[in-house]
Amino acid sequence: MEPTAAVAAVDPRDAARRLKARALGLGFEAVGIAAVAPLEARAHYAAWLAAGRHGEMRYLASPKHRERRDDPARILRDLRSVACVALCHEPGRDGARDARLGRIARYAAGEDYHRVMRDRLLELERWIERELLPGSRALWYADTGAILERGWAERAGLGWVGKHAGLLSEGLGSWFLLGEVLVDRELEPDPPPAQEHCGTCRRCLDACPTAAIVAPYQVDARRCISYLTIELRGAIPAELRPLVDDWVFGCDICQEVCPWNRFAPPAREARLHARSLEGWTLERFLALDQAGFEALFAGSPIRRARRAGFLRNVCVALGNRGETAAAPALIRTLARDPEPLVRGHAAWALGELGRRIGAGNPAGAHGEIVRALQVSATDDASDDVRGEARAALERCAAA
């Protein structure tokens, strides 16, 4: 029998059932099938872009990217079904986080989830093409292309989009990652949720330190701590720095306060468990050169922030903590770091320390901070760093 004839004889209901069993057997916590038709999420996404809420993520607004999000058949010709999966990462309920490291979003505490999802989804993709639907074409994604992931996952019945714009599930909460396999054969679709279950709750809106959730279901990335500490390549706006607190990569606050996360299960995938950073502190992070940064965070999502962005975040965290013991590390960073972005945020952090210490000990820590800032304000090669140092000096003087 020809392969195409074999494919044509496959029952969409049976194929969907077998695919779901295979996905669950690969370790995914949930799986659903979405029918291919224009997504309601397209209009919301277009409005988000039109409002400029994507910030410096300009690639999201590129014509090619938008065309593919609007019509995923541009990615896989003759697309008929989208299989959506969820994989839980650690909800981190035990409170055992090492405070010396600052705060890291829980999805990023272990191995890079792109790699973990890739291994499972690639296996599922190959199984679909070779065993489930011989002669078919399938293509996996996991936050790796122009796919409206939450829109497809909602249509596939995995959950509903909550007021914080993330996907929520009655059984999984929101501590999970999404992936998709596009398939050019029809599979029986699952019904989307009959309703969303956020009700009148607005805990995520009220808890967001930067007011990035500007309205229910609407997030302005330009104010979001995750965007500021990961995607933003330049300086964090000065008015937002105090609100970032000690987050050095991402943010979990809107998920931490969500009542649905009371039901979140632990991660079964050991690769997503938090990795040990024994002996490391925020101050020690500042001594990382490029090679050291790449070695320490090999295989970690933290590499996405790049060395300069990560150390920028570390400086902000130290400034917000206001601990005098951090002054020597910040002074060395201000004087020696090769990146103006890092030096500028070290200057800001020193200004925060100086402001909190007060001017009562000119021979002590306050005096050392002021002298370091004075040198930077006049001698640094970067206009931006000199400006940051002058502004920091003003805050020290005001103290």
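1. Asp-119 and Arg-271 meet through their side chains in a salt bridge, at 3.0 Å from N to O. Asp-119 belongs to helix α5 (residues 113–132) and Arg-271 to the loop between α10 (253–256) and α11 (282–285), so this pair ties together parts 152 residues apart in sequence. The model is a predicted one, and the distance should be read as such.

2. Asp-119 counts as partly exposed, at 32% relative accessibility. Arg-271 also counts as partly exposed, at 28% relative accessibility.

3. The contact is part of a network of salt bridges that links Glu-111, Arg-115, Arg-118, Asp-119 and Arg-271. Arg-115 is partly exposed, with a relative accessible area of 36%.

4. In total the structure holds 27 salt bridges. Another of them joins Arg-103 to Asp-246, with the closest N and O atoms 2.7 Å apart. This pair links distant parts of the chain, 143 residues apart: Arg-103 is in strand β3 (residues 103–104), while Asp-246 is in the loop between α9 (241–244) and β10 (247–249).

5. Asp-246 counts as buried at 7%.

6. Strand β2 (residues 81–88) has eight of its eight residues buried, so the strand is largely enclosed by the rest of the structure. Side chains in a regular strand alternate between the two faces of the sheet. In β2, Ser-81, Ala-83, Val-85 and Leu-87 point one way, and Val-82, Cys-84, Ala-86 and Cys-88 point the other way. The residues of both sets are all buried.

7. Which strands pair with β2? Strand β1 (residues 30–35) pairs with β2 in the antiparallel sense over six bridges. In that pairing, Ala-34 stands opposite Val-82 of β2. Strand β7 (residues 176–183) also pairs with β2 in the antiparallel sense, over eight bridges. Here Ala-86 stands opposite Leu-178 of β7. Val-82 and Ala-86 are both in the set that begins with Val-82 and ends with Cys-88.

Technical notes
Residues are numbered from 1 along each chain as its sequence is written. This is a predicted model: local features need pLDDT of at least 70, side-chain atom pairs count only at pLDDT 80 or more; totals for chains, interfaces and linings use all residues. Side-chain values use heavy atoms; hydrogens and water are left out. Buried means under 20% relative accessible area, exposed over 50%, partly exposed in between (1.4 Å probe, protein chains only). Helices (H or I, at least four residues) and strands (E, at least two) are DSSP runs, numbered from the N terminus. Two strands pair if DSSP finds at least two bridges between them. A salt bridge is a side-chain nitrogen of Lys or Arg within 4 Å of a carboxyl oxygen of Asp or Glu.
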